[in-house]
Structure formats: structure tokens, C-alpha cells
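This report describes the fold of one protein chain and then turns to selected residues. Please consult the sequence and the structure shown below while reading.

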Amino acid sequence: MGIWYATHNCSRSSTEAEYKALANDTAKVIWLQYLLTDLQIPSASAPIIWCDNLGATYLSANPVFHACTKHVEVDYHFVRDRVVKKEIQIHFISSWDQLADVFTKPLPTSSFTAFLFKLRVDPPPSA
């Protein structure tokens with residue numbers, strides 16, 4: 001049973017993995033919106049969640065549910081409902097602009113330096 005559970009939760013594609021992350025992020029954003037509302041801090045517009053996977057981005061905006069994504073149906077409906085209600089927006093971000101990559105992936109020196117600049121990280125002092 002434990003082995004089945006572990007393999008059952010493995011993503012079958014990068015789009016599925018990104019979409020599951022999108023669903024988790026959507027839940028967190030909605031919770032934060034409720035918290036801010038309780039604190040009487042209104043939201044001027046729907047928050048934007050940036051996603052670097054075109055498939056997951058298209059899936060969140062596409063009202064046609066494809067049979068090949070049947071295994072992500074619960075997450076699909078959760079995110080899609082929030083997009084339709086205009087509670088969140090899902091936008092694509094290119095991997096070249098994904099600042100989190102500096103913390104999670106080996107990068108070419110030029111990309112690493114560019115990301116450090118965008119994050120406003122100063123180079124170490126010279127010896």
C-alpha cells in the first residue's frame with residue numbers, strides 16, 4: 001500500500017507537476033486573501049501567479065478539459081474555478097526570467113550574474 005501511494009503521487013509530466021504546484025500556490029494565495037480581508041486590507045486586483053510551464057498556464061485558462069490530463073482533474077477544477085471567478089490570474093514567465101532558478105539550478109555564469117543583479121545581491125568584496 002505504501003509503495004502504491006508513493007508512486008500514485010508521482011507526476012506523469014512536467015505540466016502535471018507544475019499544475020499541482022499551481023493548485024498549491026492558489027490555495028495559499030486564497031488563504032492570504034482571506035487573512036487580508038479579515039484584517040480589512042482590501043485587494044486592488046486579482047493576484048498574479050507566475051508559472052514557467054506553458055502547458056500548466058494554458059490548462060488554467062482553457063475551458064476545454066483534455067482527456068490526457070484526467071489525472072489532474074481535482075487540481076484543474078480548483079485553479080480553473082478561481083481563474084473564472086477572477087480571484088487569481090495565471091501568467092507565463094520564461095525560464096530565463098525565473099529568479100528562483102538561481103537558488104535551485106546550476107546556471108551559466110552570465111545567467112547567475114544577471115539573476116544576482118536582479119536580486120540586488122552585491123558581489124563579495126575584493127581581497
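Of the 127 residues of the protein chain, 24% count as buried, where buried means under 20% relative accessible area, exposed over 50%, and partly exposed in between (1.4 Å probe, protein chains only). The model is a predicted one, in which local features need pLDDT of at least 70 and side-chain atom pairs count only at pLDDT 80 or more, while totals for chains, interfaces and linings use all residues. Residues are numbered from 1 along each chain as its sequence is written, and side-chain values use heavy atoms, with hydrogens and water left out.

The secondary structure of the chain amounts to 6 helices and 2 strands; helices (H or I, at least four residues) and strands (E, at least two) are DSSP runs, numbered from the N terminus. Read from the N terminus, the order of elements is α-α-β-α-α-β-α-α. Of the contacts between residues at least 6 apart in sequence, 60% join residues at least 24 apart; a contact means heavy atoms within 4.5 Å.

**Packing of α2 and α3**

Helices α2 and α3 pack at an angle of about 55°, and their axes are 8 Å apart. Axes are lines fitted to C-alpha atoms, for helices over the stretch in contact, and angles run from 0 to 180 degrees between N-to-C directions. The arrangement therefore makes α2 oblique to α3, since angles under 35 degrees count as roughly parallel, over 145 as roughly antiparallel, 65 to 115 as roughly perpendicular and the rest as oblique. On the side of α2 the contact is made by T15, E18, Y19 and L22, and on the side of α3 by G55, A56, L59 and S60. These residues divide into 4 nonpolar, 3 polar and 1 charged. In this classification Ala, Val, Leu, Ile, Met, Phe, Trp, Tyr, Cys and Pro count as nonpolar, Asp, Glu, Lys and Arg as charged, and the others, Gly among them, as polar.

**Two buried residues**

S60 is located in helix α3 (residues 54-61) and is buried, with a relative accessible area of 1%. Not counting residues up to four places away in sequence, S60 touches Y19, L22, V79, R80, V83 and I90. The side chain of S60 also reaches the backbone oxygen of T57 at 2.7 Å.

T26 belongs to helix α2 (residues 14-38). T26 counts as buried because its relative accessibility is 0%. Apart from neighbours within four places in sequence, T26 is in contact with I49, F78, V79, R82 and I88.

**Strand residue Q89**

Q89 is found in strand β2 and is partly exposed, at a relative accessible area of 31%. The C-alpha atoms of Q89 and I48 are separated by 4.7 Å, although the two residues are 41 residues apart along the chain. With residues up to four places away in sequence not counted, Q89 touches A46, P47, I48 and I49. The side chains of Q89 and H91 make a polar contact (2.9 Å), that is, a pair of N or O atoms within 3.5 Å; within protein, one must be able to donate a hydrogen and the other to accept it, and residues adjacent in sequence count only if both atoms are side-chain atoms.
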